[in-house]
Amino acid sequence: MARGDQRERDRAKKQKELDKRARSQPKEGSKESRNANDKAALAAKVAKKAAEKKAAEEAAAKAAEQGPAVVPKKKKEKKKDDSLDDLLSAGLAAGKKKSGKK
């Protein structure tokens, strides 16, 4: 069983070494071409954000034009008049009898 653990450790060690080699490979293209590609990607990202912001502002302006949203009022139940018996027995629990024991 100990050999299986050693294989796993060796595989992890080899994979780590391969990853390190892959990262150390030179990048493709010249520095100028990579910078130009990065600049173009950043410009596209900025343009997209500006378009989204403009669309959000237009939507907010359109919502402001229409006025506030109409919210219906909550209906309240009419308070019924309590009879004298209801008022007197409000604090009493139904079905319980008082015991004379103390």
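The side chains of R11 and E8 meet in a salt bridge, at 3.1 Å from N to O. A salt bridge here is a side-chain nitrogen of Lys or Arg within 4 Å of a carboxyl oxygen of Asp or Glu. The model is predicted, so local features need pLDDT of at least 70 and side-chain atom pairs count only at pLDDT 80 or more, whereas totals for chains, interfaces and linings use all residues. Residues are numbered from 1 along each chain as its sequence is written, and side-chain values use heavy atoms, leaving out hydrogens and water.

By this rule, the count is three salt bridges. Side chains of opposite charge can pair when their charged atoms come close. R11 and E8 are three residues apart in helix α1, about one helical turn. Helices are DSSP runs (H or I, at least four residues), numbered from the N terminus. R11 is exposed, at 52% relative accessibility. E8 is partly exposed, at 47%. The classes are buried (under 20% relative accessible area), exposed (over 50%) and partly exposed (in between), with a 1.4 Å probe and protein chains only.

D5 and R9 also form a salt bridge, with an N to O distance of 3.6 Å. Helix α1 covers residues 2–23, and D5 and R9 lie four residues apart in it, separated by about one helical turn. D5 is partly exposed at 45%. R9 is exposed at 53%.

E17 pairs with R21 in a salt bridge, and their closest N and O atoms are 2.5 Å apart. Four residues of helix α1, about one helical turn, separate E17 and R21. E17 is partly exposed, with 36% relative accessibility. R21 is likewise partly exposed, with 44%.

Note on methods:
Helix = DSSP H or I, 4+ residues; strand = E, 2+ residues; numbered from the N terminus.
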